[in-house]
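Good morning, and thank you for coming. Please look at the sequence and the structure as they come up, and then we shall walk through a few features together.

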Amino acid sequence: MRDLEIDADLPWRHRLGLIVLKTDETIEQDFRRFASDPSIALYHTRIESAPNVTPETLRQMAARIPGAAALLPDDTPLAVIGYGCTSASTVLGEARVAELVQSIHPRAIVTNPLSALKAAARALGVSRLGLVSPYIRSVTDALEAEMQKSGMPFVAATVFGQEEERVVARIALSSIREAAEDLSRDNTVEAIFASCTNLRAASVIAETERSTGKPFLCSNQVLAWHMMRLAGITRPVPELGRLGSVQLAGQADTVREHVA
(Lines give C-alpha, C1' and ligand atoms only; values in the text may rest on other atoms or scores of the structure.)
Protein backbone atom coordinates (compact mmCIF):
# COMPACT_ATOMS: atom_id res chain seq x y z
CA MET A 1 0.00 0.00 0.00
CA ARG A 2 1.37 3.41 -0.99
CA ASP A 3 1.89 6.04 1.74
CA LEU A 4 -0.19 9.17 1.44
CA GLU A 5 -0.76 12.43 3.20
CA ILE A 6 -4.14 13.51 4.58
CA ASP A 7 -4.91 17.22 4.61
CA ALA A 8 -6.18 18.59 7.89
CA ASP A 9 -9.13 20.22 6.12
CA LEU A 10 -10.64 20.89 2.72
CA PRO A 11 -9.38 23.96 0.82
CA TRP A 12 -12.68 25.84 0.57
CA ARG A 13 -13.05 28.57 3.15
CA HIS A 14 -16.78 29.11 2.66
CA ARG A 15 -19.13 26.12 2.70
CA LEU A 16 -22.68 26.80 1.53
CA GLY A 17 -25.65 24.47 1.18
CA LEU A 18 -28.59 24.85 -1.20
CA ILE A 19 -31.92 23.01 -1.07
CA VAL A 20 -33.29 22.86 -4.63
CA LEU A 21 -36.82 21.90 -5.65
CA LYS A 22 -37.08 18.74 -7.73
CA THR A 23 -38.90 20.75 -10.41
CA ASP A 24 -36.36 23.61 -10.53
CA GLU A 25 -34.38 23.74 -13.78
CA THR A 26 -32.83 27.17 -13.27
CA ILE A 27 -31.31 27.88 -9.86
CA GLU A 28 -28.23 25.69 -10.21
CA GLN A 29 -27.34 27.28 -13.54
CA ASP A 30 -27.51 30.74 -11.96
CA PHE A 31 -25.54 29.78 -8.86
CA ARG A 32 -22.70 28.43 -11.00
CA ARG A 33 -22.17 31.98 -12.24
CA PHE A 34 -22.84 33.82 -8.99
CA ALA A 35 -20.82 31.57 -6.67
CA SER A 36 -17.87 30.79 -8.92
CA ASP A 37 -15.39 32.11 -6.33
CA PRO A 38 -12.79 29.34 -5.78
CA SER A 39 -13.05 29.88 -2.02
CA ILE A 40 -16.68 28.67 -2.10
CA ALA A 41 -17.83 25.07 -1.82
CA LEU A 42 -21.50 24.86 -2.80
CA TYR A 43 -23.39 21.69 -1.93
CA HIS A 44 -26.83 20.96 -3.44
CA THR A 45 -29.62 18.67 -2.36
CA ARG A 46 -33.06 18.23 -3.90
CA ILE A 47 -36.48 18.26 -2.25
CA GLU A 48 -39.59 16.58 -3.62
CA SER A 49 -41.96 19.20 -5.01
CA ALA A 50 -45.15 19.18 -7.03
CA PRO A 51 -45.17 20.11 -10.73
CA ASN A 52 -47.82 22.76 -10.02
CA VAL A 53 -47.39 25.73 -7.68
CA THR A 54 -50.38 26.32 -5.42
CA PRO A 55 -50.60 27.21 -1.72
CA GLU A 56 -51.57 23.59 -1.01
CA THR A 57 -48.60 22.02 -2.82
CA LEU A 58 -46.23 24.53 -1.23
CA ARG A 59 -47.39 23.62 2.26
CA GLN A 60 -46.66 19.96 1.56
CA MET A 61 -42.93 20.69 1.45
CA ALA A 62 -42.73 21.40 5.18
CA ALA A 63 -42.62 17.70 6.03
CA ARG A 64 -39.89 17.11 3.44
CA ILE A 65 -37.45 19.88 4.36
CA PRO A 66 -35.63 18.00 7.17
CA GLY A 67 -35.09 14.96 4.95
CA ALA A 68 -33.67 17.08 2.15
CA ALA A 69 -31.44 19.00 4.58
CA ALA A 70 -30.15 15.69 5.98
CA LEU A 71 -28.64 14.88 2.57
CA LEU A 72 -26.27 17.86 2.78
CA PRO A 73 -22.77 17.08 4.14
CA ASP A 74 -22.35 17.35 7.90
CA ASP A 75 -18.74 16.25 8.42
CA THR A 76 -17.83 19.93 8.64
CA PRO A 77 -20.33 22.70 9.43
CA LEU A 78 -22.00 24.55 6.59
CA ALA A 79 -21.92 28.29 7.22
CA VAL A 80 -25.17 29.09 5.41
CA ILE A 81 -27.96 26.98 3.93
CA GLY A 82 -30.39 28.46 1.42
CA TYR A 83 -33.86 27.04 0.87
CA GLY A 84 -34.54 27.68 -2.80
CA CYS A 85 -38.23 28.49 -2.99
CA THR A 86 -39.65 32.01 -2.75
CA SER A 87 -43.31 31.06 -2.67
CA ALA A 88 -42.95 28.20 -0.16
CA SER A 89 -40.94 30.46 2.15
CA THR A 90 -43.87 32.87 2.00
CA VAL A 91 -46.57 30.25 2.60
CA LEU A 92 -44.68 28.30 5.30
CA GLY A 93 -43.07 31.35 6.89
CA GLU A 94 -39.39 32.25 7.01
CA ALA A 95 -38.99 31.29 10.66
CA ARG A 96 -40.58 27.87 10.08
CA VAL A 97 -38.27 27.14 7.15
CA ALA A 98 -35.24 28.04 9.27
CA GLU A 99 -36.51 25.89 12.14
CA LEU A 100 -36.94 22.86 9.88
CA VAL A 101 -33.48 23.16 8.30
CA GLN A 102 -31.80 23.84 11.65
CA SER A 103 -33.39 20.72 13.11
CA ILE A 104 -30.75 18.92 11.02
CA HIS A 105 -28.02 21.57 10.78
CA PRO A 106 -28.32 23.56 14.02
CA ARG A 107 -25.09 25.51 13.45
CA ALA A 108 -25.98 26.82 10.01
CA ILE A 109 -27.52 30.19 9.28
CA VAL A 110 -30.60 29.65 7.10
CA THR A 111 -32.01 31.99 4.48
CA ASN A 112 -34.43 31.87 1.55
CA PRO A 113 -35.35 34.18 -1.36
CA LEU A 114 -37.99 36.07 0.63
CA SER A 115 -35.64 36.87 3.51
CA ALA A 116 -32.94 37.68 0.97
CA LEU A 117 -35.23 40.08 -0.91
CA LYS A 118 -35.98 41.99 2.29
CA ALA A 119 -32.26 42.20 3.12
CA ALA A 120 -31.39 43.29 -0.42
CA ALA A 121 -34.03 46.02 -0.46
CA ARG A 122 -32.77 47.37 2.86
CA ALA A 123 -29.16 47.27 1.65
CA LEU A 124 -30.10 49.17 -1.53
CA GLY A 125 -32.22 51.66 0.38
CA VAL A 126 -35.42 50.90 -1.54
CA SER A 127 -38.83 50.04 -0.13
CA ARG A 128 -41.38 50.51 -2.94
CA LEU A 129 -41.03 47.65 -5.38
CA GLY A 130 -42.47 46.49 -8.65
CA LEU A 131 -43.21 42.77 -8.94
CA VAL A 132 -42.90 40.42 -11.89
CA SER A 133 -44.70 37.24 -10.79
CA PRO A 134 -44.99 34.05 -12.83
CA TYR A 135 -47.45 32.60 -10.30
CA ILE A 136 -51.19 32.22 -10.17
CA ARG A 137 -52.98 35.00 -8.30
CA SER A 138 -53.39 33.13 -4.96
CA VAL A 139 -49.61 32.57 -4.66
CA THR A 140 -48.86 36.13 -5.80
CA ASP A 141 -51.32 37.51 -3.25
CA ALA A 142 -49.50 35.76 -0.40
CA LEU A 143 -46.17 37.27 -1.48
CA GLU A 144 -47.68 40.73 -1.85
CA ALA A 145 -49.28 40.50 1.60
CA GLU A 146 -45.99 39.49 3.21
CA MET A 147 -44.04 42.34 1.65
CA GLN A 148 -46.78 44.81 2.59
CA LYS A 149 -46.55 43.62 6.19
CA SER A 150 -42.77 44.05 6.08
CA GLY A 151 -43.05 47.69 5.02
CA MET A 152 -41.68 47.00 1.52
CA PRO A 153 -44.86 46.92 -0.59
CA PHE A 154 -45.16 45.99 -4.22
CA VAL A 155 -46.74 49.17 -5.55
CA ALA A 156 -47.20 47.70 -9.04
CA ALA A 157 -47.25 44.14 -10.35
CA THR A 158 -47.29 42.10 -13.54
CA VAL A 159 -48.66 38.57 -13.07
CA PHE A 160 -48.14 35.88 -15.71
CA GLY A 161 -50.60 33.52 -14.00
CA GLN A 162 -48.69 30.27 -14.53
CA GLU A 163 -49.16 27.28 -12.22
CA GLU A 164 -46.96 24.71 -13.95
CA GLU A 165 -43.25 24.80 -13.00
CA ARG A 166 -42.15 23.53 -16.40
CA VAL A 167 -43.83 26.51 -18.06
CA VAL A 168 -42.32 29.00 -15.60
CA ALA A 169 -38.80 27.84 -16.49
CA ARG A 170 -39.57 28.46 -20.15
CA ILE A 171 -40.94 32.00 -19.93
CA ALA A 172 -38.96 33.93 -22.52
CA LEU A 173 -36.27 36.33 -21.36
CA SER A 174 -37.83 39.04 -23.49
CA SER A 175 -41.14 38.68 -21.62
CA ILE A 176 -39.39 39.04 -18.26
CA ARG A 177 -37.41 42.09 -19.38
CA GLU A 178 -40.39 43.81 -21.01
CA ALA A 179 -42.53 43.26 -17.92
CA ALA A 180 -39.82 44.87 -15.79
CA GLU A 181 -39.50 47.78 -18.21
CA ASP A 182 -43.26 48.40 -18.10
CA LEU A 183 -43.19 48.48 -14.29
CA SER A 184 -40.22 50.84 -14.25
CA ARG A 185 -42.30 53.54 -15.95
CA ASP A 186 -44.25 53.90 -12.71
CA ASN A 187 -42.41 56.66 -10.86
CA THR A 188 -43.35 55.19 -7.48
CA VAL A 189 -41.40 52.00 -8.25
CA GLU A 190 -37.87 52.22 -6.84
CA ALA A 191 -36.71 48.72 -7.84
CA ILE A 192 -38.17 45.69 -9.61
CA PHE A 193 -38.25 42.13 -8.27
CA ALA A 194 -38.86 39.07 -10.46
CA SER A 195 -39.99 36.22 -8.24
CA CYS A 196 -39.39 32.44 -8.46
CA THR A 197 -36.13 30.48 -8.49
CA ASN A 198 -37.28 28.67 -11.64
CA LEU A 199 -37.73 31.94 -13.59
CA ARG A 200 -34.69 32.76 -15.75
CA ALA A 201 -34.68 36.40 -14.68
CA ALA A 202 -31.03 36.36 -13.60
CA SER A 203 -30.05 36.16 -17.27
CA VAL A 204 -31.37 39.69 -17.92
CA ILE A 205 -30.10 41.56 -14.84
CA ALA A 206 -27.57 43.77 -16.60
CA GLU A 207 -29.68 44.70 -19.62
CA THR A 208 -32.78 45.32 -17.53
CA GLU A 209 -30.94 47.63 -15.17
CA ARG A 210 -29.57 49.52 -18.18
CA SER A 211 -32.97 49.87 -19.82
CA THR A 212 -34.91 50.77 -16.66
CA GLY A 213 -32.31 52.78 -14.77
CA LYS A 214 -33.45 51.00 -11.59
CA PRO A 215 -32.17 48.04 -9.55
CA PHE A 216 -33.44 44.74 -10.91
CA LEU A 217 -33.71 41.92 -8.39
CA CYS A 218 -34.73 38.30 -8.76
CA SER A 219 -34.99 35.27 -6.50
CA ASN A 220 -31.75 33.48 -7.39
CA GLN A 221 -29.72 36.68 -7.41
CA VAL A 222 -30.85 37.91 -4.00
CA LEU A 223 -30.50 34.43 -2.49
CA ALA A 224 -26.93 34.01 -3.77
CA TRP A 225 -26.01 37.52 -2.58
CA HIS A 226 -27.53 36.98 0.86
CA MET A 227 -25.84 33.61 1.31
CA MET A 228 -22.44 34.98 0.34
CA ARG A 229 -22.75 38.07 2.52
CA LEU A 230 -23.97 35.98 5.47
CA ALA A 231 -20.94 33.75 4.97
CA GLY A 232 -18.64 36.75 5.24
CA ILE A 233 -17.82 37.06 1.53
CA THR A 234 -17.50 40.80 0.96
CA ARG A 235 -15.99 41.05 -2.53
CA PRO A 236 -18.04 42.72 -5.28
CA VAL A 237 -19.91 40.28 -7.53
CA PRO A 238 -20.53 42.07 -10.85
CA GLU A 239 -22.79 39.27 -12.10
CA LEU A 240 -25.33 40.33 -9.46
CA GLY A 241 -25.83 43.78 -11.01
CA ARG A 242 -26.12 46.78 -8.71
CA LEU A 243 -26.70 44.49 -5.78
CA GLY A 244 -23.28 42.91 -6.26
CA SER A 245 -21.46 45.96 -4.91
CA VAL A 246 -23.63 46.25 -1.79
CA GLN A 247 -22.51 44.93 1.60
CA LEU A 248 -24.56 43.38 4.38
CA ALA A 249 -23.13 45.16 7.40
CA GLY A 250 -22.39 43.23 10.56
CA GLN A 251 -22.97 39.69 9.30
CA ALA A 252 -19.47 38.26 8.94
CA ASP A 253 -18.85 38.13 12.68
CA THR A 254 -22.25 36.50 13.19
CA VAL A 255 -21.31 33.67 10.84
CA ARG A 256 -17.93 33.12 12.43
CA GLU A 257 -19.58 32.84 15.82
CA HIS A 258 -22.25 30.50 14.42
CA VAL A 259 -19.85 27.93 12.98
CA ALA A 260 -16.99 28.24 15.46
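**The nonpolar core**

The largest nonpolar core contains 86 residues, and those with the most contacts inside it are Ile19, Tyr83 and Phe216. Helix H11 (residues 219–230) supplies the largest share of this core, 7 residues. A nonpolar core is a set of buried Ala, Val, Leu, Ile, Met, Phe, Trp, Tyr and Cys residues joined through side-chain atoms within 4.5 Å; buried means under 20% relative accessible area (1.4 Å probe, protein chains only). Helices are DSSP runs of H or I with at least four residues, strands are runs of E with at least two, and both are numbered from the N terminus.

This is a predicted model: local features need pLDDT of at least 70, side-chain atom pairs count only at pLDDT 80 or more, and totals for chains, interfaces and linings use all residues. Residues are numbered from 1 along each chain as its sequence is written, and side-chain values use heavy atoms, with hydrogens and water left out.

Which residues does Phe216 touch, not counting residues up to four places away in sequence? Among them are Ile176, Ile192, Val204 and Gln221, where contact means heavy atoms within 4.5 Å.

Let us turn to a loop. Cys196 lies between strand E7 (191–194) and helix H10 (205–212). Phi of Cys196 is near 105 degrees, a positive value in a residue other than glycine. Is Cys196 buried or exposed? Cys196 is buried, with a relative accessible area of 7%.

Finally, Ile27, Asp30, Phe31 and Phe34 in H1 meet residues of H11 that include Leu223 and Met227.

How values were computed
Buried < 20%, exposed > 50% of the residue type's maximum accessible area, 1.4 Å probe, protein only.
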